[in-house]
Amino acid sequence: MSEAIKTDVLIVGAGPCGLFAVFELGLLDVKVHLVDILDKIGGQCAELYPEKPIYDIPGIPMITGHGLTESLLEQIKPFNPTFHLNEMIETVEKIGDPGFRVTTDAGKVFECKVLVVAAGGGSFQPKRPPVPGIEAYEGGSVHYAVRKMEEFRDKDLMIVGGGDSALDWVLNLHPLAKRITLVHRRDDFRAAPHSVEQMRALVASGQMDLLIGQVTALEGEGNVLSAATVKGNDGTVTKVACNAMLPFFGLTMKLGPVANWGLHLENNLIPVDTGTFETNVPGIFAIGDINTYPGKLKLILSGFHEGALMAQKAVKYVYPDKRVVFQYTTSSSSLQKKLGVN
Amino acid sequence: MAKINFVDHSGETRTVEVEEGATVMEAAIRNAVPGIEAECGGACACATCHVYVDEAWRDKTGAPTPMEEDMLDFGFDVRPNSRLSCQIKVTEELDGLVVTVPERQA
Ligand SMILES: Cc1cc2nc3c(=O)[nH]c(=O)nc-3n(C[C@H](O)[C@H](O)[C@H](O)COP(=O)(O)OP(=O)(O)OC[C@H]3O[C@@H](n4cnc5c(N)ncnc54)[C@H](O)[C@@H]3O)c2cc1C
Ligand code: FES
C-alpha cells in the first residue's frame, strides 16, 4: 500500500456540486482532493448530457453540461484542487475526532480531517446488457472493462455495442484475440468515423466478423462461456463460438460503496442537517443529489447552496481556533487575493 | 386532449389522456403507467422510456432521430418499431395512439 496522501478535505465525486464545494472551501483556505470513478470531471453533466442545455443555473440563461463543467473548473482554478480520476472510494475508517482514512480501489490511501460525499446518484458503473443469464458469466468470461489486454489473447472474443468503447477495443484487441465478432443492433455506429472505417476494413478483408443484431442467448459451463447466439434483424439466428465477451451498454449509477461507510441511509440517500449538511457522522458531510432532507430538490443550484453552508462548518474542523468572518467576494480584498484577482 | 393507449407485455391496455404538446413519456409518468421509468426525465439520455409503436401508427409517429437511435442502442429487445416515448410529441394526429411497453427497461 502506498503512503497516505494528507489533505484537509477529501471530496467523493467530481460532479458539479463537488466542484463548487472546492470554491467555497477554497475561500476559507481549505485544501481539497477529489476522487471520481469516471475518467472525466463533471459527474452527470459530463457523462449523461454534455451537449444538452441547462436553463436553470442562476444568472446563466443557458449552458450545456460540458459548458458548466468547464466554467466550474475555471472558477475553482485559483484553489488548485487535485483530481484523482478513474478511482472509486471504497473504504472509510475513522481515525480522529474528526479524521478519516480513506482508500480507493486502486490502492491509494488518503488521510483527511473532513470527508464530503458529493456522490450524486452513486458511482457510475457499466450497464448490464439485456442478455438473459449473463449474470452467471460475470467474473468469468464476461467483462465490462479491459484491465489487462493479455486476458484476451487467443480468445474467441465477442464485443457488443456501437460506441467508441466497443470500436476502440475491437481495434486494440484484434491483434491479440483469436477471432473477434462485433455485434451491434444496427449497421450504424456512434463511434468516431475513423474507427468505424478501420473496423469495416478488417471485416472486408476477412480478419474479423460483424453481425448486425442482438445477443439472445449464451451457452457455457460455470462462469465460462462457449457460445453466444445472435439474432439478426432479418430473423436469422447465428451461433458463434465465444469464450470471452465485452459488452458496452453505457453506464448507470449505483449507490456502491457509500452504503458501507456507517452513514444513515433513507431510500439510498443520506439524511443531513440542513444548517450544515453534516451527516450522522461528525466530520462527514453530504451535498448534491446524494443527500436528502425535507423539501430536497435534486437540482444543481441546491447543491451549490449546500456546498456553501457545508464549508462554513467544515472549516471549523480544519482550523478549530480560527474565527471565520463573513465576507463578500465583491468587496473583500483578502478573498480577492485568494482568487488571484487582486 | 389526445388519448394514448399503453399495452403492457401481458396484453392489458391502459388508456390515458394528455394535452397536445406533451410527450408520450409524460402521459405515462403523470398517470403512473407501469413499465415506463424515464430516469432522465425526458432528456433522451437514459433509454428507460422505451416503447413499441403499434404498426398502424408507425407512419404517424415517424422514425427516431439519430440521437434517439444512439440511445436506443442501450435498450432491451429493441425492434424496428422501437421508440423512446419521451421523443414522441403528442399531436392531434396521434389521438388514439397505441404503444406497447416492453417487458423491462434497460
Ligand atoms: C439528462 C439530465 C438532465 C438534467 N438537467 C438538469 C437541469 O436542467 N438542471 C439541474 O439543476 N439539474 C439537472 N439534472 C440533474 C443534475 O445533473 C444533478 O442534480 C447533478 O449532476 C448533481 O450533481 P452532484 O455533484 O451531486 O452529483 P453527480 O453529478 O451525480 O456526480 C457524482 C459523481 O460522484 C462519483 N462517485 C459516486 N460514488 C463514488 C465513489 N464511491 N468513488 C468515486 N466517485 C464516486 C460518480 O461517479 C459521479 O461522477 C439533470 C440530470 C440529467 C441526468
Ligand atoms: S426519459 Fe430518458 S430517454 Fe426518455
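Start where chain A meets chain B: the rule finds five salt bridges across this interface. Keep in mind as you look around that this is a predicted model.

**Stop 1: the interface**

Select the residues in contact: 14 come from chain A and 16 from chain B. Together the two chains bury about 1,300 Å² between them, and 47% of that area is on carbon and sulfur atoms. For a close-up, pick A:R186 and B:D70, which form a salt bridge whose closest N and O atoms are 2.8 Å apart.

**Stop 2: the annotated domain**

Next, select residues 8-294 of chain A, which an unreviewed UniProt entry lists as "domain: FAD/NAD(P)-binding". Show this stretch as a cartoon: the chain here is 18% helix and 34% strand. Its end C-alpha atoms are 30 Å apart.

**Stop 3: the loops around strand 6 of chain A**

Go to A:N86, in the loop between strand 5 and strand 6 of chain A. Check its backbone: A:N86 is not a glycine, yet its phi is positive, at about 60°.

Which residue forms a salt bridge with A:K108? Select A:E87 to see the partner, with the closest N and O atoms 2.7 Å apart. A:E87 sits in the loop between strand 5 (82-85) and strand 6 (89-96) of chain A, while A:K108 is in the loop between strand 7 (99-104) and strand 8 (109-117), so the pair ties together parts that are 21 residues apart in sequence. Over all chains, the count of salt bridges comes to 30.

Then move to the loop between strand 6 and strand 7 of chain A, where you will find A:P98.

**Stop 4: an aromatic pair**

For the last stop, turn to the rings; the structure holds six aromatic pairs over all chains. Select A:F20 and A:F304, a tilted pair with 4.8 Å centre to centre and 40° between the planes. Where do the two residues of this pair lie in chain A? A:F20 belongs to helix 1 (residues 16-27) and A:F304 to helix 6 (residues 300-318), so show both helices to see how the pair links distant parts of the chain, 284 residues apart.

Note on methods. Residues numbered from 1 in each chain as written. Chains lettered and ligands numbered in written order. Predicted model: local features only at pLDDT ≥ 70, side-chain atom pairs only at ≥ 80, totals over all residues. Heavy atoms only, no water. Contact = heavy atoms within 4.5 Å. Buried area = accessible area lost by both parts, 1.4 Å probe. Salt bridge = Lys/Arg side-chain N within 4 Å of Asp/Glu carboxyl O. UniProt positions renumbered as here; feature names shortened; annotations may be inferred. Helix = DSSP H or I, 4+ residues; strand = E, 2+ residues; numbered from the N terminus. Phe/Tyr/Trp six-rings, centres within 6.5 Å; stacked < 30°, edge-to-face > 60°.
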